Amino acid sequence: MQVDIVVDAEADGESDDRSLTSLYRWLGRDPDVVRHARVSLVPRQAQPGDMGDAFEVINAVVANAIALGGLVVACAGWRGSRSAAPPVRIERDGVTITVEDGSPEAVHRIVAALARGEHGGDEQDGDEGDGDAQDVAEHDGAEGDGADRQSS
């Protein structure tokens, strides 16, 4: 399964490109990610006046939900290592999840929401409808709605 990882670095005052490359290097040093995922930087389309390369997203290809869980934990670990943690969003087939922490519950919800895309995207996870946006917040452009999952 293929996912895109986006960093919104405005929260910590860095450029998005700098934070994205920092996360990319972090993922490249994580043994579980290296072993179970193929991770690459996707360059942004060059605009007139741009100097040097800029990157848009990190693209990750994982074989299964366990590998996706390891990727989520690594992203949460990177966020935890920063003083002002920028939002990290993982996107797949129109579903966008914001990684808030690497707790087992959060990882389970993220993996379940992203994996649903393989099975039609409309099924609900029976025990996950608690509306707890503390660990994971999904976004479809409207923030703060408290929904744990949305498919678009």
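1. Let's start with Asp 93, which is exposed, with a relative accessible area of 57%. Asp 93 belongs to the loop between β4 and β5. Have a look at its backbone too: phi is near 50°, a positive value in a residue other than glycine. Keep in mind while reading that this is a predicted model.

2. Now the overall layout. The protein chain contains 4 helices and 6 strands. Reading from the N terminus, the order of the elements is β-α-α-β-β-α-β-β-α-β. The chain has 152 residues, and 42% of them are buried. As for contacts with a separation of 6 or more, 57% of them join residues 24 or more positions apart.

3. Next, the inside. The largest nonpolar core has 33 residues, and the ones touching the most other members are Ile 5, Leu 23, Leu 27, Ile 58, Leu 68, Leu 71 and Val 88. Which elements give two or more residues to this core? They are β1 (2–7), α1 (16–29), β2 (37–43), β3 (55–62), α3, β4 (88–92), β5 (95–99) and α4. Helix α3 supplies the largest share, 8 residues.

4. Val 88 deserves a stop of its own, being among the core residues that touch the most other members. Leaving out residues up to four places away in sequence, what does Val 88 touch? The list is Ile 5, Val 6, Val 7, Leu 23, Cys 75, Trp 78, Arg 79, Ile 97, Thr 98 and Val 99.

5. Is Thr 98 buried or exposed? Its relative accessible area is 5%, so Thr 98 is buried. Thr 98 and Val 88 lie 10 residues apart in sequence, and their C-alpha atoms are 5.6 Å apart in space.

6. Back to helix α3, this time for its packing. Helix α3 (residues 65–80) packs with helix α4 (residues 104–115) at an angle of about 130°, and the two axes are 9 Å apart. That makes α3 and α4 oblique to each other. Their crossing is right-handed.

7. Who meets whom between these two helices? On the α3 side we find Ala 65, Leu 68, Gly 69, Val 72 and Val 73, while α4 brings Val 107, Ile 110, Val 111 and Leu 114. Sorted by class, this contact has 8 nonpolar residues, 1 polar residue and no charged ones.

8. With a relative accessible area of 30%, Gly 77 is partly exposed. Along the chain, Gly 77 is 51 residues from Trp 26, yet the C-alpha atoms of the two are separated by 9.0 Å.

9. Arg 38 is 25 residues from Ala 63 along the chain, with 9.3 Å between their C-alpha atoms.

Notes
Residues numbered from 1 in each chain as written. Predicted model: local features only at pLDDT ≥ 70, side-chain atom pairs only at ≥ 80, totals over all residues. Heavy atoms only, no water. Axes fitted to C-alpha atoms, helices over the stretch in contact; angles between N-to-C directions. Parallel < 35°, antiparallel > 145°, perpendicular 65-115°, else oblique. Left-handed = near helix turned anticlockwise from the far one by under 90°. Contact = heavy atoms within 4.5 Å. Nonpolar A, V, L, I, M, F, W, Y, C, P; charged D, E, K, R; others polar. Core = buried A, V, L, I, M, F, W, Y, C linked by side-chain atoms within 4.5 Å. Buried < 20%, exposed > 50% of the residue type's maximum accessible area, 1.4 Å probe, protein only.
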